[in-house]
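Please read it alongside the sequence and the coordinates.

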Amino acid sequence: MAPGNVLTSNKNPDSMACMNRKTFGLTLAVSLLAGAACFAATPQMGTWKLNEAKSKITPGTMKNTHVVYSSMLGQVKIKSDGIDPSGKPIHVEWSGKFDGKDYPVTGDPNSDTRSYTKVNERTLTTANKKNGKVTVTGQIIVSADGKSRTVTLNGTTLKGKKFKNVAVYDKQ
């Protein structure tokens, strides 16, 4: 090749940039869908309604009647509605990861932080704390068919009374 000659492409630089953008966009879309599919496959995710007939809730403790687990970009959000220990409606929210670390919780008079730890695909453990002191521990197990989950909680009420609740939820 003679000096000064430059190899050139038959492709238009603008069409190359457009193709790169399309490839990037397609790759991003597939990645997001794959990530969403992974979270959707997690048995805990979804909407759960308390099955009071199958549950044993200690009087004077909080009762969650409707719970929603959702996830986005690696974070989990749990929203629950129910009845507080005095019988008034309550709304509780928690956001974090199932990594055993404490994350703030709002709306729960018995705790200001919660941690969740993933034991396996269908099992979580939880620890609720108020002012750094553990008030409730528990286990959340989704049935093999994914249609129900059982939440077993052991703890102490704000009045110092020990309790054990077994709440059974049906997937909605």
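A residue counts as buried here when its relative accessible area is under 20%. By that criterion Trp-94 is buried, and Tyr-116 is buried as well. The model is predicted. Its chain has 172 residues, of which 31% count as buried.

**Overall fold**

- A closed barrel of 10 strands is present, with the order 1-2-3-4-5-6-7-8-9-10 and antiparallel pairing.
- Within this sheet, neighbouring strands are turned against each other by 25° on average, with direction ignored.
- Strands of a sheet pair through backbone hydrogen bonds, in either a parallel or an antiparallel arrangement.

- Strand 1, which covers residues 46–50, runs antiparallel to strand 10 and is joined to it by three bridges.
- Lys-49 stands opposite Asp-170, a residue of strand 10.
- Strand 10 is also joined to strand 9, through nine bridges and again in the antiparallel sense.
- Thr-150 faces Val-168 of strand 10 as its opposite residue.
- The hairpin of strand 9 and strand 10 has five residues between the strands, and Gly-160 takes a positive phi near 85° in this hairpin.

- Strand 5 (residues 103–106) and strand 6 run antiparallel and are joined by two bridges.
- The bridge partner of Pro-104 is Thr-113 in strand 6.
- Six residues lie between the strands in the hairpin of strand 5 and strand 6, where Gly-107 takes a positive phi near 90°.
- Strand 6 is joined to strand 7 by seven bridges, and the two run antiparallel.
- Ser-115 stands opposite Ala-127, which belongs to strand 7.
- The hairpin that strand 6 and strand 7 form has two residues between the strands.
- Strand 7 pairs in turn with strand 8, in the antiparallel sense and over eight bridges.
- Lys-129 has Val-134 of strand 8 as its bridge partner.

**Aromatic contacts**

- A pair of aromatic rings is described by the distance of the centres and the angle of the planes.
- The structure holds four aromatic pairs.
- One of these pairs is formed by Trp-94 and Tyr-103, which are edge-to-face at 5.7 Å centre to centre, with 90° between the planes.
- Both partners of this pair, Trp-94 and Tyr-103, are buried.
- The ring centres of Trp-94 and Tyr-116 are 4.7 Å apart and the planes stand at 70°, so this pair is edge-to-face; the angle cut-off for that class is over 60 degrees.
- Because Trp-94 lies in strand 4 (residues 89–96) and Tyr-116 in strand 6, the pair ties together parts that are 22 residues apart in sequence.
- Trp-94, Phe-98, Tyr-103 and Tyr-116 together form one aromatic cluster.

- Val-136 is located in strand 8.
- The relative accessible area of Val-136 is 4%, so this residue is buried, given the cut-off of under 20%.
- Val-136 and Phe-163 are 27 residues apart along the chain, and their C-alpha atoms are separated by 9.2 Å.

**Largest pocket**

- The largest pocket holds about 570 Å³ of space.
- This pocket is lined by 33 residues, and those closest to its centre are Met-62, Asn-64, Leu-153, Phe-163 and Asn-165.
- The elements that give two or more residues to the lining are strand 2 (63–72), strand 3 (75–83), strand 6 (113–120), strand 7 (123–130), strand 8 (133–142), strand 9 (148–156) and strand 10 (162–171).
- By residue class, the lining of the largest pocket divides into 18 nonpolar, nine polar and six charged residues.

Methods:
Residues numbered from 1 in each chain as written. Predicted model: local features only at pLDDT ≥ 70, side-chain atom pairs only at ≥ 80, totals over all residues. Heavy atoms only, no water. 1 Å grid on protein atoms, 1.4 Å probe; cavity = no way out; pocket = protein on both sides within 12 Å on 5 of 7 lines; lining within 4 Å. Points joined across faces, edges and corners; volume = space filled by probe spheres on them. Helix = DSSP H or I, 4+ residues; strand = E, 2+ residues; numbered from the N terminus. Nonpolar A, V, L, I, M, F, W, Y, C, P; charged D, E, K, R; others polar. Pairing = 2+ DSSP bridges. Axes fitted to C-alpha atoms, helices over the stretch in contact; angles between N-to-C directions. Phe/Tyr/Trp six-rings, centres within 6.5 Å; stacked < 30°, edge-to-face > 60°. Buried < 20%, exposed > 50% of the residue type's maximum accessible area, 1.4 Å probe, protein only.
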